[in-house]
Amino acid sequence: MRVDFDPEELGGDAFYRFLTSVVVPRPIAWISTITPDGAVENLAPHSFFSIASTDPPIVQFTSIGRKDSLRNVEDTPEFVVNFSSEPLMRQIRDTATDVPRTVGEFDMVGIEREPSRLVRPPRVAASPVVLECRSHTTLRMGNSTLVFGRVFLAAVHQEYLVDGRPNAERLRPLTKLGGDQWGTLGEVLHLARIPYEEPAR
């Protein structure tokens, strides 16, 4: 027997909690941005994150409300996606705190930064993979804004590569589940696609 959940009856906040418990696991884009004057370097996790296009390479994250990440992308318009890995969980959690735009999470949490090559916002030095992006498009939808960024450079620490590609078991990706729950990689399954074959005539 199923239980029905009506978005209109529940209301926005309650259905948000429901949706984020159903759409799991969600990869976390740890987004670094910079204020227009360069005075503050912001860092925040966004768990509504995906690939939007591969040619050209475009990734997408969603800002629910007008977060500092969104404001900085609109003003600069650059950002870095820092890969969220399991060993960085507590630092990622700590940068989710809602602080004023004038407070930089790198310094607040004590996260080591490194300079980016092509954009102004810094990278997280300990992040296994970083994507340097420039804003391509933003799309307002309800209470949220989708930010699409074209990837101009990807950089990977060498020890996370296997056969020239980032390896999930080495990366140990961290994901977001519902409420205060987080997810780790767990068992990796290998199942190849079955090619379609035209029937013999």
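Before anything else, my burial cut-offs: buried means under 20% relative accessible area, exposed over 50%, and partly exposed in between, with a 1.4 Å probe and protein chains only.

Ground rules. I'm working from a predicted model, where local features need pLDDT of at least 70 and side-chain atom pairs count only at pLDDT 80 or more, while totals for chains, interfaces and linings use all residues. Residues are numbered from 1 along each chain as its sequence is written, and side-chain values use heavy atoms, with hydrogens and water left out.

Entry 1, the whole protein. I found six helices and 14 strands; helices (H or I, at least four residues) and strands (E, at least two) are DSSP runs, numbered from the N terminus. The C-alpha trace spans about 70 × 50 × 30 Å along its principal axes. Of the 201 residues, 38% come out as buried. I also looked at contacts, meaning heavy atoms within 4.5 Å. Among those between residues at least 6 apart in sequence, 59% join residues at least 24 apart.

Entry 2, charges. I counted 22 positive and 27 negative side chains, and the centres of the two sets lie 2 Å apart. Lys and Arg count as positive, Asp and Glu as negative, and His and the chain ends are not counted. Each charge is placed at NZ of Lys, CZ of Arg, CG of Asp or CD of Glu.

Entry 3, aromatics. Rings of Phe, Tyr and Trp (its six-membered ring) pair if their centres lie within 6.5 Å; planes under 30 degrees apart are stacked, over 60 edge-to-face, and the rest tilted. My search of the whole structure gave three aromatic pairs. One of them is Phe61 with Phe79, edge-to-face at 5.3 Å centre to centre and 80° between the planes. This pair links distant parts of the chain, with Phe61 in strand S5 (residues 57-64) and Phe79 in strand S6 (residues 78-83), 18 residues apart.

Three strands make an open, antiparallel sheet in the order S1-S13-S14; two strands pair if DSSP finds at least two bridges between them. S1 (26-27) and S14 (182-183) are the edge strands, each pairing on one side only. S13 (residues 175-176) pairs with S14 over two bridges, and Lys176 stands opposite Trp182 in S14.
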